[in-house]
Amino acid sequence: MRVELDVNKQMHAVEVEPRTTLLDCLREKLLLNGAHAGCEHGVCGACTVLIDGAPVRSCLMFAVQADGYAITTIEGLAPAPGELSPLQDAFCETHGMQCGYCTPAMILAAHALLAKNAAPTREEIVDAISANICRCTGYAQIVEAIALAAERMRGLNRPQEG
Amino acid sequence: MKPAAFEYSRPADIEEACALLAADDGARLIAGGQTLVPLMAMRLARPSRLIDIARIPGLAYIRDGGDAISIGATTKQCAVENDPLIRAKLPLLAAAIPHVGHTPTRARGTIGGSLANADPAAEILLVAATLGATLTWREGAETAEAGIAEFVIGPMVTTLPQAACLTEARFPVWPDKRIGIGFHEVNARASDFAFVSAAAQLALDGEGRVTRIALSLGAATPFPIKLDVDALIGTRCEEPKVRDAVAAALEGIEAMEDLHASAAYRKRAARTLATRAIMDAYKDAHARRT
């Protein structure tokens, strides 16, 4: 079936089988490999993408269901090639990762959180990433990264003193 | 973990959805897909055709009908989670919804999908059982409805006809002035399936005595069951009385057993969580005193 997908603000027409998940379509048809295939049945969260700004499992959605939505993958977060979003930068700075497999999904989940809550508490951060499994870090530095990014992003919007 | 091949249809309206269902025994409806797609990935489900009803107009709504709130079948769980009417009129559903999966599954998962799949651990089903919700469906040109107790007959088994499409769930709103709710569940991690869950709603008179009480147990049995704790009517929910009433209500109930939790554990947890749910509901009703 032919389906038109709006991915990272670009329209793509792809030909897929109905059983092709959005995850496999992104990775194999659009070569956007940032969404990772982990468990492929909705448990691990490694395949998280944003659908109209909300984190969603791309392994639990078929590509043929995904037309008409604004889909954002990790490739769509950086402001320009070679640059990082404040969240990506904070993950590097606090080393909020180890093997990196869960990282794109963690960053997207955090991105959705910060879009609606500029000053999340630790509990809110933990809740926002609770659907995503990380088997390396113990989560502490991921939470630290999100708190750091939130703090910096709030600073960006504050009028400069003096 | 790849689903078997299937055909995909996106009907324009419910009549077309019903016709597609009636034409193919292997066809299944999909809306959010958060229960169905994992089953398909594990090939526990192999539908020949998916009929996508997620975008059929007029199936997603939350309406105040006075003595009940009607929720359209394809209403997303996240919409219910953030709805002020639900918070005001169905506080038990509002309390349970954050425990349904997690934010990403609630962004896609629907109220009707959860009810129609009837997972024993489903929190929405538990609330429906506690409040005595009524489900409405369309089959061809016919509309039919059933109370939740007649609708769910086994783990993931309902009386919904094969060619029917669930359209609405109607949750009764208690008219009582002072109501309180309690919800508890125990699971391996916050977003995972519950081993046991308990939901309670009660109403108090001006003297702080219980006039009405509903209690249900989820995940411990093949489908959520109501427990009779009417012995607490007229009391002020003193803890020993609550414990006794819960213990009496649980007598003879056989709990399920699996790798994660034994039947004995589930029964013990059920006793504790049901007691806590009632105690919380009592405190909640007091806090809502006007």
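Colleague: Which domains does the domain assignment give for chain A?

Modeller: Domain 1 covers 2-76 and domain 2 covers 86-156; the bounds come from an automatic or database domain assignment. This is a predicted model, where local features need pLDDT of at least 70, side-chain atom pairs count only at pLDDT 80 or more, and totals for chains, interfaces and linings use all residues. Residues are numbered from 1 along each chain as its sequence is written, while chains are lettered from A and ligands numbered from 1 in the order in which they are written.

Colleague: How many residues does each domain of chain A put into the contact?

Modeller: Domain 1 of chain A gives 14 residues and domain 2 of chain A gives 12 residues. Being in contact takes two C-beta atoms, placed from the backbone, within 7 Å.

Colleague: On the domain 1 side, which strand has the largest share?

Modeller: That's β3(A), with three residues. Strands are DSSP runs (E, at least two residues) and helices are too (H or I, at least four), numbered from the N terminus.

Colleague: And what are the residues on that domain 1 side, nonpolar, polar or charged?

Modeller: Nine are nonpolar, five are polar and none is charged. Ala, Val, Leu, Ile, Met, Phe, Trp, Tyr, Cys and Pro count as nonpolar, Asp, Glu, Lys and Arg as charged, and the others, Gly among them, as polar.

Colleague: What is chain B built from?

Modeller: Chain B has 11 helices and 14 strands. Its C-alpha trace spans about 60 × 45 × 30 Å along the principal axes.

Colleague: Is strand β11 of chain B largely enclosed or open, and why?

Modeller: Seven of the 10 residues of β11(B) (residues 178-187) are buried, so the strand is largely enclosed by the rest of the structure. A residue is buried if 20 or more other C-beta atoms lie within 10 Å of its own, exposed if 12 or fewer, and partly exposed in between, with C-beta atoms placed from the backbone.

Colleague: Which strand does β11(B) pair with?

Modeller: β11(B) pairs with β12(B) (residues 194-204) in the antiparallel sense, over 10 bridges. Strands pair if DSSP finds at least two bridges between them. A hairpin of six residues joins β11(B) to β12(B), and H184(B) has A198(B) in β12(B) as its bridge partner.
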